[in-house]
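Here are my comments for your read-through. Please keep the sequence and the coordinates open beside them.

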Amino acid sequence: MSETHGHHPKPKTPTEQRVEAIEALLVERGLITSDVVDAIVETYERDVGPMNGARVVARAWADPEYRARLLDDGTRAVGELGFGGAEGEHLVVLENTEDVHNVVVCTLCSCYPWPVLGLPPQWYKSSAYRSRMVREPRAVLDEFGTSVADDVELRVWDSSAEVRYMVLPLAPDDVTDRSEDELAGLVTRDHMIGVVR
Amino acid sequence: MDGVHDMGGMHGFGEVERKDDATVFHEPWEGRTFGLMIATGATGLRSGSIRPGIEAIDPATYLGSSYFERWARSVESGLLDAGSLTSAEINDRVASPEPPRAHQDDTNPELARRLIGALVDRPREPSGDDVPGHFAVGDSVTVKRMAPAGHHRCPRYVRGATGTVTRLPGGWPHADDDEPPEATYTVRFAMTDLWGSDAEPGWLYIDLWERYLA
């Protein structure tokens, strides 16, 4: 986008300068066009994000048969709602219950289920989250304001290979009184990572 | 390789900081980095995959960089490896920044459509091949002690520990693109078997390629 070359309130960092130089060189040689880069950026700023996962969760809360399909084969079930693609080629959905709480991390990098959650937040990629979630999950959850009772089984999922994981949070008590749209509005990204219960 | 990226269980990184965490790209260059990563990978302008490039960053730089800074370095090294650009060319342009001198208004809507289509293409079935493996659900497996120099996905903190296979997700080429597909296993470990008797109660699940297991 041409705006990136225009007015800037603060000096450009070395990385920012290099990225701009790389794009300028690739464009002037006819190797890429900036509209292609724009389209990729806009897709993940606008179309692919946690609102997709929230629709999946709302459907699962509202429709027990969909819930069963989602837990049996997450990839196909989110595909029914139109979601899928890069970093969602093999999706496994983890069910929270009164007795079980799931939380997802990637200790080696930042593996994350893009089609349903979009790109990960900064903290998910941070050294603190990656190092600690596998060793002291309850302490980390406490920092998110999430208290998991001692008698609830805690399951931490380190997404290290090809499977991507998403948490199906507990439904609210009044789930049957609410529309699917209302239910989707209750679901946050943090619920689907598992840092909020 | 066993690098500083393998952070599971380490001490010293402090509390998890959360700020402005609904924003996908905090600066325009972060979005450009992401878009360039996808576009140059899909068009063959960049060689290698992004993770080994990140893991090759020296440890002090890795720890001192943001995630998008690491991606930017890996994109650059992939472009250099593929011969698409040279360091000298990039350095020169950084020293004398200017917009593209040609083709600046070119567009390629067909390529944009194709790349976006591939990014959000719904698979008909989950990825993973049905390949034979040595272990079954319920089997007890021990992660080998090892120190692999190549790209791998076996964090240090599970090595030597014994867990139970809970699921067979399927087979994929090993992380270093080593064909053919090899079975992977979802393995459950008791936290006490990873971190000692004073560990928090609970379970750790991780997907491991067969070559890591005995």
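Predicted model: local features only at pLDDT ≥ 70, side-chain atom pairs only at ≥ 80, totals over all residues.

1. Local features are given for residues with pLDDT of at least 70. Side-chain atom pairs are held to pLDDT 80 or more. Totals for chains and interfaces use all residues.

2. Chain A, overall. Chain A has ten helices and four strands. Along the sequence, the order is α-α-α-α-α-β-β-α-α-α-β-β-α-α. The C-alpha trace of chain A spans about 60 × 35 × 30 Å along its principal axes. Chain A holds 197 residues, and buried residues make up 62% of them. Take the contacts in chain A with a separation of 6 or more: 67% of these come from residues 24 or more positions apart.

3. Helix H3 of chain A. This helix covers residues 50-62, 13 residues in total. From first C-alpha to last, H3(A) reaches 18 Å, close to the 18 Å expected at 1.5 Å a residue. Which residues of H3(A) are buried? They are Asn52(A), Gly53(A), Ala54(A), Val56(A), Val57(A), Ala58(A), Ala60(A) and Trp61(A).

4. The contact between the chains. On the chain B side, 97 residues are in contact with 88 residues of chain A. Together the two chains bury about 8200 Å². Carbon and sulfur atoms carry 62% of that area. Between chain B and chain A there are eight salt bridges. The polar contacts between these chains come to 40 residue pairs, with both residues at pLDDT 80 or more.

5. What chain B brings. Several elements of chain B each supply at least two residues to the side that touches chain A. Among them are helix H1 (28-42), helix H4 (67-81), helix H5 (87-95) and strand E2 (162-174). H1(B) gives the most, with 13 residues. By class, this side of chain B has 51 nonpolar, 20 polar and 26 charged residues.

6. Arg32(B) and Glu23(A). Over all chains, the salt bridges number 28. One of these joins the side chains of Arg32(B) and Glu23(A), at 2.7 Å from N to O. The pair crosses between chains: Arg32(B) sits in helix H1 of chain B, and Glu23(A) in helix H1 (residues 14-28) of chain A. Are the two partners buried or exposed? Arg32(B) counts as buried because its relative accessibility is 3%. Glu23(A) is also buried, with a relative accessible area of 8%.

7. Arg32(B) and Asp38(A). Arg32(B) also meets Asp38(A) in a salt bridge, again with 2.7 Å from N to O. This pair crosses between chains too, from helix H1 of chain B to helix H2 (residues 34-47) of chain A. Asp38(A) has 16% relative accessibility, so it counts as buried. The cut-off used here is under 20%.

8. Lys10(A) and Glu27(B). These two residues form a salt bridge. Their closest N and O atoms are 3.0 Å apart.

9. Glu95(A) and Arg67(A). This salt bridge lies within chain A, with the closest N and O atoms 2.9 Å apart. The pair links distant parts of the chain. Glu95(A) is in strand E1 (residues 91-95), Arg67(A) is in helix H4 (residues 64-72), and they are 28 residues apart. Glu95(A) is partly exposed, with a relative accessible area of 31%. Arg67(A) is partly exposed as well, at 22%.

10. A salt-bridge network. Glu28(A), Arg93(B), Glu98(B) and Arg101(B) belong to one network. They are joined by salt bridges that share partners.

11. Glu89(B). What does Glu89(B) touch, leaving out residues up to four places away in sequence? The contacts are Leu25(A) and Arg29(A). Glu89(B) is placed in helix H5 of chain B. Its relative accessible area is 24%, so Glu89(B) is partly exposed. The side chain of Glu89(B) makes a polar contact with the side chain of Arg29(A), at 3.2 Å. A polar atom of the Glu89(B) side chain also lies 2.8 Å from the backbone nitrogen of Thr86(B).

Note on methods
Residues numbered from 1 in each chain as written. Chains lettered and ligands numbered in written order. Heavy atoms only, no water. Expected span 1.5 Å × (residues − 1). Buried < 20%, exposed > 50% of the residue type's maximum accessible area, 1.4 Å probe, protein only. Contact = heavy atoms within 4.5 Å. Buried area = accessible area lost by both parts, 1.4 Å probe. Salt bridge = Lys/Arg side-chain N within 4 Å of Asp/Glu carboxyl O. Polar contact = N/O pair within 3.5 Å; in protein donor to acceptor, adjacent residues only side chain to side chain. Nonpolar A, V, L, I, M, F, W, Y, C, P; charged D, E, K, R; others polar.
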